[in-house]
Amino acid sequence: MSENRAPIISAEPRLPCGTAALAGVSAVSLRAKLRRLMPLHEEMRALTLAVPLLALLIVSFGVPIIALLSRAVYDPSIVNALPRTAEALQHLSAADPPGDDVFAALEADLKQDQAKGSIFEFAKSLNSRLSGARSQVLKTARLLAGGAAFSKSELVAAVPFWGEKETWSTIRGGAHGFTSFYLLSALDLRWGADGLTSVPAGEAVFLRVFARTFMVAALVTLATLALGFPLAYLISNLPPTLANLVLVLVLLPFWTSILVRTAAWTVLLQKFGLLNDALIALGIATERLELMYSRLGLVIAMTHIQLPFTLLPIYSVMRSIPPSQLRAAHSLGARPLTAFRRVYLPQALPGVMAGCLLTFILCLGYYITPALIGGASDQLISNFIANYVNVDLNWEMAAALSFMLLTFTLLLYAAFARFLGLDRFKLV
Amino acid sequence: MLLSPFPTLGERIRIGVLWAWCALVLIYLVTPLLVPIPLSFNSGSFFTFPLAGLSTRWYEVVLGTERWRAAIGNSLIIAFGTTALATALGTLAAIGLSSPRFPGRRIVMPLLISPLVVPIVVTAVGAYRFYAPIGLASTYGGIILAHTVLASPFVVVTVGASLSGFDRNLMRAAAVLGARPALAFFRVMLPLILPGVLSGAAFAFVTSFDEVVVVQFLASADQRTLPLEMFTGLREQLSPAITAAATLMMTLSIVLLVVANLLAGRSRRRMRVAPA
Amino acid sequence: MRCLKITVSAVLTATILCLGAGKAAPAADELTIMATGGAWQAAQRQAWFEPFAKKTGVKVNEQEYLGDLGKIKAMVETGNVPVDLVTVETATVLQGCDAGILQRLDYAKIADRTKFLPGTALDCGVGLDVYGDVLAYDTTVLKDPPTSVLDIFDTKRFPGKRGMRKFPAQNLEWALMADGVPTADIYKVLATPAGVDRAFKKLDTIKKDVVWWDAGAQPPQLLASHEVVMTTAWNGRIQNAVEQDNKPFAIVWKDQIVEYDMISIPKGTKNSDLAYKYLAYISEPEVAAQLGRFIPYGPVRSDATSFVPKDVLPKLPTAPDHMKSYLVGDVEFWGDQGEELVKRFNAWLAQ
């Protein structure tokens, strides 16, 4: 325990004390000054500053998360439950049907699982790969518990499940522990009898949900930018007292739970809610709008929650842009829009990037608000991941979906970084 | 905001439109926060207007019961602990990363923001598997550390954005003039990047203050927080007590911020009278 | 100076960490029960936790969680199980049992298993109470009242939005019942692919009119705000709204589906014996009946009904008046088919 705690405590004082110590014995000596300017030294110092956070992240977040995500590709539940069967299958090529030796191994394995009480775990994990397998496995185990020995043909006659090609290709797929099943499922794909195929239309969900999640995130990001950028600009140009007052309003939502804000939006958006009342009273709408349980309602509520996350980074960068620059551009003959575009915007862009990045990524993780405000077709990928973790207890599938989400997001991030040259803004 | 002391008609219009747009945005931002206030005085227990009647029963629940008081206290302890730790560590890391010579920035940066991308339930399971064996589950420290991991990317990103406009030559100048790095940081760099640091701190605060999933995994009854208290009742009833709690928190924050603002204004005025 | 400040804050952090780490392990005669909070946990506290503590001298620690098994799985996998008992839904018990994170119970230490209502004494969980999945509506809105839960499928007589739970269980059963399948055959039909198709086809007819709810708190709220004209709901919440908030709601009991709340012991708890003692205590008929005094849910043993206060009895799902036409949720069926049906239901919703 103490080994874990040590770096965290020593991390804090590192800033001034540590850098001072690193910078040299005597701060005023010329050599120290020179060394401070030396490239290699700067490299070391830069790294040292990031070490405390990096260490905390790697130890307490990186390692456990990688261990969890690795479940997406490594699931030993089948080989653990059927060690003899897996062994017997090793000697067969994929095309051969399992023979008597494999069935004998299967019976021995199932009997042992039944005796150990682990048969349910096996039935559940096979079921998550092959629909309907659970009841077949349990039925077989009950049959075998009677004590009688079955030959291959007898078992197939009693439980036709064991004669099916798909059963054995599924078991073979899990016989090594390493599997591509979950990652493929996260992309609505599976290995069929004739190679890689899409899952049937009725079961295909995830690609659509991924697309929807990124779509909603993009919409909300754009909306927060359209609302937040002008307000940030205004605040950064107001006198301090007034600016602080407006900032208080922007920060106010942070003190109320997301649950309260979601409930408030319910009160506003519902059919007989305040917004519809206002629209009718003002004569803008003649009929009550269905805003709750719709994509529009979801985007309105999410934009509200995310607005400060886009606005504040923009504002904090705008604060450091001297207003005199715009005036100078103007007096040098630039038209206002040109001056804004050529002088102001490039300097504000790092803030815009940072704010949009935060909002976009945060949107990918929403699941409470979609569950309470969105309609049935507005559930985002995190709803599914939460369901796999908490309800189905299928952590392999949750890991696969998380891995895909992480991959898609990082790819998108890399593409944007390249396309927009985020590098120049020192964001990457 | 004006480009010249004698604005043209076009400029006046542009500024008028900006003000009008911003007013609408502020209305959008604040209206949903006003909704819970009247509801918190509702004598009924439903989230509907018109109110069933006026009463302070939900304030009595929040202020009068040990559970709610403890939950508010726990939330504040954990949120402020997280804010302090995440802001310190995140600012340091962002300064390090902003150096053009930082080795392997392309690998480190995605790693630093990955806590934002990994779904929170997965993070929570991971956190439990890390903290429980070393005895930090069911402790304030464990929850603060777990929240710091979630909150630090905000600080890294916002401070990083602020640093993009920071001229590193200022630090070299300070060094050449004999300032030790700590002094140069506090007197030269920090004042310039302060808006970014404070934004990051605000994000860190709300990340922790509003977080329920990790808390659900790591907290025992002694660390029950406000969001956990709100969410666990959801199976039967969304208690209006949460609107009372929200109203109290907002009032408290306004009072705190106004006081801070007044103090800051006074010190600004004093600075003007007696320049250092 | 600066260094000093930072050193101080480091020391403070260390103190916080030490405070946390220094927490004493719970003594042997303490029992930790994790439930889902709210009015239901409060009712359990009054009916069972406190009397049990008083009777046995055991200290009962309460914890809340969101009803998610993920936490228990994380506990069991790390071998760090600070919770001795956990209240769960029936579907959750089945999942947890299969996943090997809940203990298989030894009924010899609890009570005579045959005395429980069918489906309430499971391998990994003991029933706590009986509740009804019913239909609720606002009497001031619907002048022509629905008479059966199945009226939710009648969009001609009852136009407008209706609320249903975002979950396949109950909805599929009602769909088949509304489609003319006799109550006795529901699960037989639902076990066939054609039967599942038939249920979804029936649900298709009202899909665009449905508001899907997630949390038990939502149905009364949906009614109160007139967002829906009728909604499926758990009976307890509607009755509370009527009694405590004078809401003009009414319950339709005909064709209700009877469900159970459960309590389980996570694998690897150190206080297993004490947990069994608690289960035995709340399974005594007289004790089991106490819960109904605080929340309108019935006992899971038929021999406990005589101990239920007379004024409470007519509110329970098991009251004779409410049991004229009903279905009991088939635990076995959902244990077997639940995962596939949930997956299909979610895919259906997303389309």
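Mentor: Two strands pair if DSSP finds at least two bridges between them. Helices (H or I, at least four residues) and strands (E, at least two) are DSSP runs, numbered from the N terminus. This is a predicted model, where local features need pLDDT of at least 70, side-chain atom pairs count only at pLDDT 80 or more, and totals for chains, interfaces and linings use all residues. Residues are numbered from 1 along each chain as its sequence is written, and chains are lettered from A and ligands numbered from 1 in the order in which they are written.

Trainee: In which sense do β1 and β2 of chain C pair?

Mentor: Parallel, over six bridges, with β1 at residues 30–35 and β2 at residues 59–64 of chain C. T32(C) stands opposite N61(C) in β2(C).

Trainee: OK, chain B now. How many helices and strands does chain B have?

Mentor: Chain B has twelve helices and zero strands. Its C-alpha atoms fill a box of roughly 65 × 60 × 40 Å along the principal axes.

Trainee: And how many residues of chain A are in contact with chain B?

Mentor: 100 residues of chain A are in contact with 98 residues of chain B; contact means C-beta atoms, placed from the backbone, within 7 Å.

Trainee: Which helix gives the largest share of that side of chain A?

Mentor: Helix α4 of chain A, residues 39–69, with 17 residues.

Trainee: What about contacts inside chain B?

Mentor: Of the contacts in chain B between residues at least 6 apart in sequence, 76% join residues at least 24 apart.

Methods. Contact = placed C-beta atoms within 7 Å.
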